[in-house]
Amino acid sequence: MTSPDPDNIGPVSGNQKRKMRSAARLYAVQALFQMEHSNQTVDAVIEEFLEHRFGAEVDDGVDMAEGDVDLFRKLLGDSVNWQASIDQMTDRALVAKWPIARIDPTLRALFRAAGAEMTQSDTPPRVVIMEYVDVAKAFYPEGKEPKFVNAVLDFMAHEAKPQGF
């Protein structure tokens with residue numbers, strides 16, 4: 001089933017739909033980070049992102065990507081509803097000296113969004129890993145974090161969906 005694009009020009013292509021899903025994942029990580037630092041509710045942050053970020057025009061001529069609204073809402077809802085079990089799974093993937101509470105808040109948000117998608121959707125584990133490694137590359141283009149994210153998510157995926165390998 002194709003859905004209309006944001007400008008109602010016609011159906012969204014498969015490639016555009018993938019880009020919108022990728023953008024929703026990036027926005028979900030940003031929203032989870034924002035929720036943790038501002039104590040906003042999930043409903044408030046969803047409303048803010050949909051109103052001010054999805055497809056927004058930025059002053060310097062760069063437009064924000066349009067995101068898949070349904071995926072964004074699902075990722076945030078599932079991340080909040082299943083946070084305890086996702087954090088426990090993440091802790092098992094991290095070395096004992098680095099529980100989730102001690103890692104960078106951006107990575108914590110990323111692991112929560114990825115864990116939610118991994119455990120609460122039918123997205124193949126390899127796709128979840130690849131997508132969130134790309135999100136990590138967006139936040140840490142020069143760092144080692146994307147490799148760290150890959151290793152942690154691989155461990156989580158083998159635990160959550162061993163049949164996916």
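**View A. The surroundings of T106 in a predicted model.** Leaving aside its neighbours within four places in sequence, T106 is in contact with V29, F33, F139 and Y140. This close-up, like the others here, comes from a predicted model. T106 belongs to helix 5, which covers residues 105-120. Is T106 buried or exposed? With a relative accessible area of 16%, T106 is buried, because buried means under 20%. M64 lies 42 residues from T106 along the chain, and the C-alpha atoms of these two are separated by 19 Å.

**View B. A24 and the residues it touches.** Let's move on to helix 1, residues 14-38, where A24 is found. Which residues does A24 touch, not counting those up to four places away in sequence? They are G67, D68, L71, F72 and L75. A24 has a relative accessible area of 0% and is buried. Between the C-alpha atoms of A24 and R112, 88 residues apart along the chain, the separation is 14 Å.

**View C. A pair of aromatic rings, F111 and F148.** Searching the whole structure turns up five aromatic pairs. In the pair of F111 and F148, the ring centres are 6.0 Å apart and the planes meet at 70 degrees, so the pair is edge-to-face. F111 lies in helix 5 and F148 in helix 7 (residues 145-160), so the pair ties together parts that are 37 residues apart in sequence. F111 is buried, at 0% relative accessible area, whereas F148 is partly exposed, at 33%.

**View D. An aromatic cluster and a charge over a ring.** Here you can find one aromatic cluster, formed by Y27, F49, F54 and F72. Over the ring of F49 sits the charged end of R53, 4.1 Å from the ring's centre.

Conventions. Residues are numbered from 1 along each chain as its sequence is written. This is a predicted model: local features need pLDDT of at least 70, side-chain atom pairs count only at pLDDT 80 or more; totals for chains, interfaces and linings use all residues. Side-chain values use heavy atoms; hydrogens and water are left out. Helices (H or I, at least four residues) and strands (E, at least two) are DSSP runs, numbered from the N terminus. Buried means under 20% relative accessible area, exposed over 50%, partly exposed in between (1.4 Å probe, protein chains only). Contact means heavy atoms within 4.5 Å. Rings of Phe, Tyr and Trp (its six-membered ring) pair if their centres lie within 6.5 Å; planes under 30 degrees apart count as stacked, over 60 as edge-to-face and the rest as tilted. A charge sits over a ring if NZ of Lys or CZ of Arg is within 6 Å of the ring centre and within 35 degrees of the ring normal.
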